[in-house]
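Student: I would like to go through a model feature by feature. Please show me how each one is read.

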Amino acid sequence: MALVSAKDILVPAREKGYAVGAFNTSDLEISQAIISAAAELHAPVIIATSSSAIEYAGYTDLFNIVKHLSEHFGVKAALHLDHGADLETVVRCIKHGWTSVMIDASKLEYGSNVATTSEVVRIAHMAGVPVEAELGRLGGVEDKVRVEEREAFLTDPGQAQEFAQRTGCDSLAVAIGTSHGAYKFKADPRLDIERLADISQRVRIPLVLHGASSVPEDVLARAAKYGAKLPGAKGVPEDAVKAAIAKGISKINIDTDLRLAFTGAVRQILSEKPEIFDPRKLIGEARKAIKDVVKRKIELFGSAGQA
Ligand code: G3H
Ligand code: 13P
Ligand code: ZN
């Protein structure tokens, strides 16, 4: 199937109460793993590319890989710019055929975030491309010991309502206690589900959860067994992910769990079969491991059978 707008994927998800995975790619094999998993489970999917992924693989190569695979596997997929830093990057992606963009101006003060996001929305909508924006800050929440400091990082529900109205963004990434990477919580994992419920009542567009990897025990254990050093790695428990979906999260971003799966698989084969030097045997194992993780996420998110 030709690439579709993320709006065609996320609006039904919000209406029906499931979430769609946005999985990060930067090469052929990761893209194959994600798209073949979605095909097997008849799930819609979002293929996310960060600026560094685009820098690594190039606009044209990434676009053609994802476009071809979606058509080849008959998958309902959107190609998405993850954490777009500025209008220039957004415009470049749109010109190269991306069907969804994010402008992440969440580090700016509120008024500048509104202004930057509104401008991106205006331009992207002229090309018919939907825009994800972000309000609140993901990183460092756990380090904030004072409650009021912690609160300042999380998305304010009233402000989210105003932000969505003023900017006209199509989906909104919220900060409710997650963060990027493999070290999300020093103590017990905690998401502010009540805050999410409040945001969800006021903001009716699809809501997005970044930093949602679970750092699954088996995936981490495999990587660690074969030499990865990731002490204290901790992710968002699957129950918390489910609770977030029940309160209106419609898009869930996953990168870290794919990276961990890749690493574990490559480490294992290198360690167990030191005679192997064919890259296809190494990366082929990684592709299998990533596909397994993606299938598990699709089942967890409830998007299987929704394409
Ligand atoms: O949100 C961040 C994603 O995990 C992408 O990370 O910039 O290293 O590609 P990256
Ligand atoms: P993780 O690091 O939890 O996989 O989050 C990825 C993400 O939010 C990409 O935008
Ligand atoms: Zn993110």
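Predicted model: local features only at pLDDT ≥ 70, side-chain atom pairs only at ≥ 80, totals over all residues.

Student: How many cavities of 30 Å³ or more does the structure hold?

Tutor: A cavity is a set of points, on a 1 Å grid over the protein atoms alone, where a 1.4 Å probe fits but cannot get out. The structure holds 1 cavity of 30 Å³ or more. The largest cavity has a volume of about 90 Å³, a volume being the space filled by probe spheres set on the points.

Student: Which residues lie nearest the centre of the largest cavity?

Tutor: Lining residues have an atom within 4 Å of a point. Here 14 residues line the largest cavity, and Ala 6, Leu 10, Pro 130, Asp 170 and Ser 171 lie nearest its centre. Helix α1 (6–16) and strands β4 (100–103) and β5 (131–135) each supply at least two lining residues; α1 gives the most, with 4 residues. Helices (H or I, at least four residues) and strands (E, at least two) are DSSP runs, numbered from the N terminus.

Student: Which residues of helix α8 are buried?

Tutor: Buried means under 20% relative accessible area, and exposed over 50% (1.4 Å probe, protein chains only). In α8 (residues 157–167), the buried residues are Pro 157, Ala 160, Phe 163, Ala 164 and Thr 167. Seen down the axis of α8, they fall within an arc of 115 degrees, so they line one face of the helix; the arc is that of the directions from the helix axis to the C-beta atoms. Gln 165 and Arg 166 are exposed on the face of α8 turned away from the buried side.

Student: What do the buried residues of α8 pack against?

Tutor: They pack against α6 (110–126), β5, β6 (171–174) and α9 (193–202). Just after α8, Gly 168 has a positive phi of about 70 degrees.

Student: Is His 80 buried or exposed?

Tutor: His 80, in strand β3 (residues 77–84), is buried, with a relative accessible area of 1%. Contact means heavy atoms within 4.5 Å. Beyond its neighbours within four places in sequence, His 80 is in contact with residues including Trp 98, Met 102 and Lys 251.

Definitions and conventions:
Residues numbered from 1 in each chain as written. Chains lettered and ligands numbered in written order. Heavy atoms only, no water. 1 Å grid on protein atoms, 1.4 Å probe; cavity = no way out; pocket = protein on both sides within 12 Å on 5 of 7 lines; lining within 4 Å.
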